[in-house]
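Work through the exercises below with the model open beside you. Try each task before reading its solution.

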Amino acid sequence: MNILLAFKPEPDASMLAEKDWQTVAQGTCGPDVSLLRCAIGADEQAAAAQLLAQRGVGYEMTLIALSIGDERALHWLRYFAALGFEQSVLLETAADLRFAPEFIARQIADWQGRHGTELIVTGCQSSEGQNGQTPFLLAEMLNWPCFIQVERFTLEPPFIVVEQRTISGIRRCRVRLPAVIAVRQCGEVALPVPGMRQRLAAAKAEIVRQPVSCDEIPNVQCQKLTRPTQRRCAMIIDGATAQEKALLLWNDYLRKRMLP
């Protein structure tokens, strides 16, 4: 049974200084993230952790990690190789893919058509575009069922049992494969940490690198940048002396929260 984990590492914007954001807010080019460390989202980490947990069930499976982007994704492909993924694939492109879910879905669908998998697992949404469209578009291209907001899943070939988060609660479905599922991180699973031996072995692991299969690279340009105003709610304490201000603070705020 071949299972594909599709993920897209993204620059860790939290590493940018406040002055970097203030500067780029004056134009439309955005901050320079070319030198930032790339990270994968919490949803994608949860998806990988649950896939690895299925190894203990006893079903024979081949785990494939596929990413799209530049060579900064190689770190995570080797990381997944160290965790036990049998195959790592990088679809190389230098294009800006933050707002190109259809392009990404087409690349995954083309790879699936050439190699074949029974299950494709993604995260619910990226940390940059946050459009959540890729799983739906991919399922439509493949004519497969799609399940989002999946918190847990269990393989029972030729079926998969998924637990979805809905407005009314948890819905449990038993679905015949093939299928596309988008995992939602719910705080109950964590991505394992490989040991030193696994990391050293993964450093020599083969990674399939090939260009994207479509020449129509998306050309999405930013038209406007708006820096949101960040303000904290506060109340000014007026008093003639420090003792009077402290008394007002105690009576109006602290006492209500400290005393039953």
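**Exercise 1. Find the mean pLDDT of the protein chain, and the elements with the lowest and highest mean pLDDT.**

Solution. This is a predicted model: local features need pLDDT of at least 70, side-chain atom pairs count only at pLDDT 80 or more, and totals for chains, interfaces and linings use all residues. Residues are numbered from 1 along each chain as its sequence is written, and side-chain values use heavy atoms, with hydrogens and water left out.
- Step 1: pLDDT is the predictor's confidence in each residue, from 0 to 100. Its mean over the protein chain is 84.
- Step 2: 86% of the residues reach 70 or more.
- Step 3: Compare the elements, where helices (H or I, at least four residues) and strands (E, at least two) are DSSP runs numbered from the N terminus. Helix α1 (residues 18-24) has the lowest mean pLDDT, 67. Strand β10 (residues 179-183) has the highest, 94.

**Exercise 2. Give the strand order of the open sheet and name its edge strands.**

Solution. Strands of a sheet pair through backbone hydrogen bonds, either parallel or antiparallel.
- Step 1: Count two strands as paired if DSSP finds at least two bridges between them.
- Step 2: Nine strands then line up as β9-β8-β7-β10-β6-β1-β4-β5-β11, in an open sheet with mixed pairing.
- Step 3: β9 (169-176) and β11 (207-211) each pair on one side only, as edge strands.
- Step 4: From one strand to the next, the twist averages 30°. Angles run from 0 to 180 degrees between N-to-C directions, and axes are lines fitted to C-alpha atoms, for helices over the stretch in contact.
- Step 5: Take one pair. β1 (residues 2-7) and β4 (residues 62-69) share six bridges in the parallel sense. Phenylalanine 7 stands opposite serine 67 in β4.

**Exercise 3. Which strands does helix α3 lie across?**

Solution. Look for contact, meaning heavy atoms within 4.5 Å. Helix α3 (residues 74-83) lies across β1, β4, β5 (87-92) and β11. Its direction is at about 165° to β5.

**Exercise 4. Describe how α4 packs on α5, and α3 on α6.**

Solution. Two packed helices are described by the angle between their axes and the distance between the axes.
- Step 1: Helices α4 (residues 101-115) and α5 (residues 134-142) pack at about 45°, with axes 8 Å apart.
- Step 2: Classify that angle: under 35 degrees is roughly parallel, over 145 roughly antiparallel, 65 to 115 roughly perpendicular and the rest oblique. α4 and α5 are therefore oblique to each other.
- Step 3: List the contact. Among the residues of α4 that meet α5 are Ile104, Ala105 and Ile108. The α5 side includes Leu137, Leu138 and Met141.
- Step 4: Turn to α3 and α6 (residues 196-203), whose axes come within 8 Å and cross at roughly 125°. That makes α3 oblique to α6.
- Step 5: Arg78, Tyr79, Ala81 and Ala82 in α3 meet Gln198, Arg199, Ala202 and Ala203 in α6.
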